[in-house]
Amino acid sequence: MQKNLSGVDGMIIPPPDMRAIIDKTAEFIAKQGKEMEKRIYTEDKSRVKFAFLGSEHPFHPYYEMAVKAYKEGKSK
């Protein structure tokens with residue numbers, strides 16, 4: 001997915017390795033539904049790999065933007 005993040009104020013853009021995980025998860029959630037977030041988060045016992053699912057995480061706004069973009073069929 002092409003990255004076009006201009007105009008997004010205050011959003012922390014994750015590093016490439018983390019962005020890949022977030023983008024893949026966002027695409028999955030866009031297709032499967034938000035209820036899958038709880039399942040993924042619960043199964044992540046370390047609370048590290050999918051910590052961005054928590055609303056307090058600094059990468060959560062990027063994740064939410066990515067889910068929305070995938071739902072709308074747009075590039076981020």
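Axes here are lines fitted to C-alpha atoms, for helices over the stretch in contact, and angles run from 0 to 180 degrees between N-to-C directions. The axes of H1 and H2 come within 8 Å and cross at roughly 135 degrees. This is a predicted model: local features need pLDDT of at least 70, side-chain atom pairs count only at pLDDT 80 or more, and totals for chains, interfaces and linings use all residues. Residues are numbered from 1 along each chain as its sequence is written, and side-chain values use heavy atoms, leaving out hydrogens and water. Helices are DSSP runs (H or I, at least four residues), numbered from the N terminus.

**H1 with H2**
- Thr-25, Phe-28, Ile-29 and Gln-32 in H1 meet Glu-35, Met-36, Glu-37 and Ile-40 in H2 (contact: heavy atoms within 4.5 Å).

**H1 with H3**
- The axes of H1 (residues 16-32) and H3 (residues 60-72) come within 8 Å and cross at roughly 45 degrees.
- H1 and H3 are therefore oblique as well.
- On the H1 side, the contact residues include Arg-19, Ile-22 and Asp-23; among their H3 partners are Tyr-62, Tyr-63 and Ala-66.

**H3 itself**
- Buried residues of H3 are His-60, Tyr-62, Tyr-63, Met-65, Ala-66, Val-67, Ala-69 and Tyr-70 (buried: under 20% relative accessible area, 1.4 Å probe, protein chains only).
- Their cover includes H1 and helix H2 (35-43).

Technical notes
Helix = DSSP H or I, 4+ residues; strand = E, 2+ residues; numbered from the N terminus. Parallel < 35°, antiparallel > 145°, perpendicular 65-115°, else oblique. Buried < 20%, exposed > 50% of the residue type's maximum accessible area, 1.4 Å probe, protein only.
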